[in-house]
Amino acid sequence: MEPDSIINTTAKGHYVGPGYSNGDGASYAGQGGSQLKDSSNDATYGSFSQTPNTERDHQAQLGSGGGEQNRRGGGVIIIIVDSGTVQGSLFADGSPSITQGVKKEFHAGSGGYVYVKANSASIVFESDSKIHAHGGYGSDDKTSNAGSGGRIVLENVIIGDSNYAANGGCSNILTTSNYNGAAGTIYFASSKKLIIKHTDKCLASKRTILDSAEIETKEVEEIRVDNKATISFSKLRVVKNVLNVVIK
């Protein structure tokens, strides 16, 4: 990729999709924002380590939408090469929510899916290059909810910590965190490190859902939770092989 070039699949995902929930922000790696504290969109799907479908049918990996006014989820970006240097950026964000007229709220889409793999050596992302799959942000209206972050999978990739993110969307409602989407997942397959990194601009009270069985199967060695993210496990079992859990 040339300097300052962008591959952008923002809002190229599902119009509805598996993470859609009527009245909530769309889910993917975690829950979408919801008006009510005890009402959460639990329609999370996919897995933190998921690889591209060999049939090139990526419907299951697209971000989900808010269902109206083209509030789509993020699309899919897949890059598989032997090695190389990336000077551009990869964006797969969900659509933001909007409010039109009286009680016309249209909720945000979830982030999409980004998969980058080097088959032989490594792919180096330079200092100005970014990867993100953010959930769409919420509007000022108290009935308009933000989307969950998407999923990023990197294998044999060298990239700075500040250059990748799958943040949940933030609402502009400061009195409660219920409207904010949960953080997405970032998985470094070669180092077996799983990162759940939310933005520091808002609290994610909605949960990023992790599968204990997948963590064991993939022999994940480190789980890192950054910047106010909230996680929970989909199965009540002890995760035996994780060597390090870092909470920042």
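Which residue in β13 does Val-153 stand opposite? Tyr-187 is the residue that faces Val-153, and this pair is a handy place to begin a walk through the structure. The model is a predicted one, in which local features need pLDDT of at least 70 and side-chain atom pairs count only at pLDDT 80 or more, while totals for chains, interfaces and linings use all residues. Residues are numbered from 1 along each chain as its sequence is written, and side-chain values use heavy atoms, with hydrogens and water left out.

The protein chain holds one helix and 18 strands. Here helices (H or I, at least four residues) and strands (E, at least two) are DSSP runs, numbered from the N terminus. Of the 248 residues in the protein chain, 52% are buried; buried means under 20% relative accessible area, exposed means over 50%, and partly exposed lies in between (1.4 Å probe, protein chains only). Among contacts with a separation of 6 or more, 70% join residues 24 or more positions apart, a contact being heavy atoms within 4.5 Å.

Strands of a sheet pair through backbone hydrogen bonds, in either a parallel or an antiparallel sense. In this text, two strands count as paired if DSSP finds at least two bridges between them. A run of such pairings can be followed from strand to strand. β2 pairs with β7 in the parallel sense over six bridges, and Val-81 has Ala-118 in β7 as its bridge partner. β7 in turn pairs with β10, again parallel, over five bridges, with Glu-155 in β10 as the bridge partner of Lys-117. β10 and β13 then pair in the parallel sense over four bridges. Finally, β13 and β14 (residues 193-197) pair in the antiparallel sense over three bridges, and here Tyr-187 stands opposite Leu-194. The hairpin of β13 and β14 has four residues between the strands, and Lys-192 takes a positive phi near 55° in it.

β1 and β4 (residues 89-91) are joined in the parallel sense over three bridges, and Ile-7 stands opposite Leu-90 in β4. Another open sheet, of three strands, has the order β3-β8-β11 and parallel pairing. Two bridges join β8 to β11, and Val-124 stands opposite Ile-158 in β11.

In soluble globular proteins, nonpolar side chains tend to be buried together. A nonpolar core is defined here as a set of buried Ala, Val, Leu, Ile, Met, Phe, Trp, Tyr and Cys residues joined through side-chain atoms within 4.5 Å. The largest such core has 21 residues, of which Val-116, Phe-125 and Ile-131 touch the most other members. At least two residues of this core come from each of β2 (76-81), β7 (113-118), β8 (123-125), β10 (151-155) and β13 (185-188). β7 gives the most, with three residues. Apart from this core lies another, of 18 residues, among them Leu-62, Leu-194, Ile-215 and Val-225. When residues up to four places away in sequence are not counted, Ile-131 touches residues including Leu-90, Val-114, Phe-125 and Tyr-164.

The largest pocket has a volume of about 360 Å³. On a 1 Å grid over the protein atoms alone, a pocket is an open set of points where a 1.4 Å probe fits, with protein on both sides within 12 Å along at least five of seven lines, and lining residues have an atom within 4 Å of a point. The volume is the space filled by probe spheres set on the points, which are joined across faces, edges and corners. Of the 18 lining residues, His-134, Gly-135, Asn-167, Gly-168 and Thr-199 are the closest to the centre of the pocket.
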